[in-house]
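Hi,

Here is the two-chain file I promised to pass on.

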Amino acid sequence: MTERKPILRVKDLKVYYHTDRGSVRAVDGVSFTMHEGESFGIVGESGCGKSTMAMALLGLVVSPGTIEGGQIFLDGTDIFTLDRELIRKIRWSQISFIPQGAMNSLNPVMRIGSQIADVITTHQGYQPEKILRKRIQKLLSTVGLPHRVYRMYPHELSGGMKQRVCIAMAIVLEPEVIIADEPTSALDVVVQRVVMQTLVDVQERLGAALILIGHDMGLQAQVVNRQAVMYAGKIAEIGEVKTMYKNPLHPYTKLLIESLPTLQLRHDFQGIPGLPPSLLNPPKGCAFSNRCPYVMEHCREAMPKLVEIQPNHFVACHLHSEVIK
Amino acid sequence: MNVQKEAQTNILSQTQALLLEVCNLTKVFGSGLLQRGQKVALENFSMSIQGSPPKIISIAGESGSGKTTLARLILGFLIPTQGEVRYRGKDLKTMDKKSWQTFRREVQAIFQDPYGVYNPFYPVDRVFEIVIRKFHLAKNRQESHRITEEALVIVGLRPDEILGKYPHQLSGGQRQRLMLARAFLLKPKIIIADEPVSMIDASMRAIILKIMIDLKENFGISFLYITHDLSTAFQVSDDIIILYEGWVAESGDAQIVIKGPKHPYVQLLVESIPIPDPEQPWQGRVELPPEEELEMNTLRGCKFYRRCPYKMEMCLKSPPPLYNIGPDHLASCYLYKGREVDKDT
């Protein structure tokens, strides 16, 4: 593989929510690097901090959440050093977002065309309607929608079509990074496949990097090249999907893959008993220690560090750090 | 062996009345004045649940296929436009009060949203107290407490961790298991589970589905498992019925149908399930012509015509009937016309 330019670098990011009962450590020291045109997945259970992560990348963390530390470099610039106006400019033109519930993110009383036109004129200034319409209609056809969608309202479209409108909106300014937060969780499998197909097509055409956030290990395996598994605000394992699915190193990753029902054998799936720890008072040791089948005494005492076990394959687990020693 | 067993159950079912029977059920939503405003949610649907041996029957289909409408019709929340739902031989519409009470007790429901079913102002114990009072399940407080704890243990919850808590203090998986415990308390014959795991984390899904299997095998409770997820349906169900736009596309033994789907729609559905293995990517591309997505409900013939790779002229004329293509295996597709299997073989 050729070495590609890093486009997004996250260094020791910490996002906490301050509540009356203390600070919730939603993202607690996450680091990763993404390269140009790469598809990168972030998976984890609900409440593991994956959506907070997306908000931080977009510079959209709002009270009671605060960035407690770390840096995010987008194409070399640390976005936390920029003022709000500059972040607004970067958002969408360099890093854009496809939300989870497309049905709720479109304005119900505006035609699709004018909603997309809004994005263009906000960033690029006034353009005559005729030119805008041509551009938007061309955009709609790249995501597989007919031209007349331009004049339609969101309620006239199906869920899959609305999700494709959101994809169109995310790519209109040709960003370098697209973040998709569970873009298909509300759709049926066939429509999910079509929407993902569309997303991957436009990503490849633009050469943009894609961050796919989700909890479906099956979908991740189909779409991304590399993924990070998040647990309780931290990265448990990060690596190429090809090696990770064949040989998951972290017990949590292994259990997540095993919890998926397959079509080969019946009754052959296991849940993960127990619950993730509260992020208010995270345990002293490994956050997964209370659910881990391989737990050792050491795990409850010391937090494992993320170490590179194989080339480009990192894991935070004492089972493996001992091997290295 | 299997044949013998089947023959036995056949004899049994003839002597015993069917537990639940759904005959030619049709539900049309919308005003009758303007034909255009109408939406046929379910058309001419029939099925039955024998109750013994208990079975998990899946109703699968995409959104808008009529699966939730079916659940609501069976529960008596909706009145059918045509056809009837019978419980223990009696039509829901004309049932007397006593039979209705039995029906309400023996047919329980679990819904998709484990957040919406609780009143946030009361501890979760209340859902148990209400059913115990309503159905006179306990003579005194001690007994009521005992059966509640018993039910919680059955679904794998620790009573001391759950009782006295408010809904917001519990996770989605815990709340959904509470609903199963509540249903279990009533010793139902059938539980209608409408997408019980779709809002639950993958790690928890397996646990809830295992409870369903446990309740079936050890307590003789049948399930109507309504889902859009074929892989969980494959894992837990004995039989499966796949709906498309209010019609049955294919039905039969869950293993046989999902491992060797016959209807073109079911084939597409099975192929589209993302496999958690990067070495097994989706094969080929699926195109949904957008024009067709917008005008689905305007066809007289087969509802799947526009998306079907094998479309023929006759598909447009009238909807295909259900052809018998194997033991208890039906598919509504003209591809199997003239290739039916005799029912008795």
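**A cis proline and its surroundings**

Pro64(A) sits in the loop that links α1 and β4 of chain A; helices (H or I, at least four residues) and strands (E, at least two) are DSSP runs, numbered from the N terminus. The peptide bond leading from Ser63(A) into Pro64(A) is cis, with omega near 5 degrees.

Before going on, some housekeeping. Residues are numbered from 1 along each chain as its sequence is written, while chains are lettered from A and ligands numbered from 1 in the order in which they are written. This is a predicted model, so local features need pLDDT of at least 70, side-chain atom pairs count only at pLDDT 80 or more, and totals for chains, interfaces and linings use all residues.

Back to β4(A). Chain A has an open, antiparallel sheet of four strands in the order β2-β1-β4-β5, where two strands pair if DSSP finds at least two bridges between them. β2 (22-35) and β5 (77-78) of chain A are the edge strands with a single partner each, so one side of each has no neighbour in the sheet. Helix α1 (residues 50-57) of chain A packs on this sheet and touches β1 (6-19), β2 and β4 of chain A. Its direction makes about 65 degrees with that of β2(A) (axes are lines fitted to C-alpha atoms, for helices over the stretch in contact, and angles run from 0 to 180 degrees between N-to-C directions). β4 (residues 65-74) and β5 of chain A pair over two bridges, and Phe73(A) stands opposite Asp78(A).

Chain B has a cis bond too: the one from Ser52(B) to Pro53(B), with omega near -5 degrees. Pro53(B) belongs to the loop between β2 (39-49) and β3 of chain B.

β3 (residues 56-60) of chain B pairs in parallel with β8(B) over five bridges, with Ser58(B) opposite Tyr225(B). β7 (residues 190-194) of chain B also runs parallel to β8(B), over five bridges, and there Asp194(B) has Ile226(B) as its bridge partner. Between β7(B) and β8(B) the chain passes through α8(B) in a right-handed β-α-β crossover; right-handed means that, with the strands pointing away from the viewer, the path from the first strand over the helix to the second runs clockwise.

How much of β8(B) is buried? Six of the six residues in this strand (222-227) are. For the cut-offs, a residue is buried if 20 or more other C-beta atoms lie within 10 Å of its own, exposed if 12 or fewer, and partly exposed in between, with C-beta atoms placed from the backbone.

Now the place where the chains meet: 40 residues of chain A are in contact with 35 residues of chain B, contact being C-beta atoms, placed from the backbone, within 7 Å. On the chain A side, α6 (159-171), α7 (189-206), α8, α9 and α10 each supply at least two residues. Buried residues of α10 (251-258) of chain A include Tyr252(A) and Leu255(A), and their cover includes α8 (202-219) of chain B.

Asn312(A) lies in the loop between β11 (307-310) and β12 (313-315) of chain A, and is exposed, with 11 other C-beta atoms within 10 Å.

Cheers

Key:
Two residues are in contact if their C-beta atoms, placed from the backbone, lie within 7 Å.
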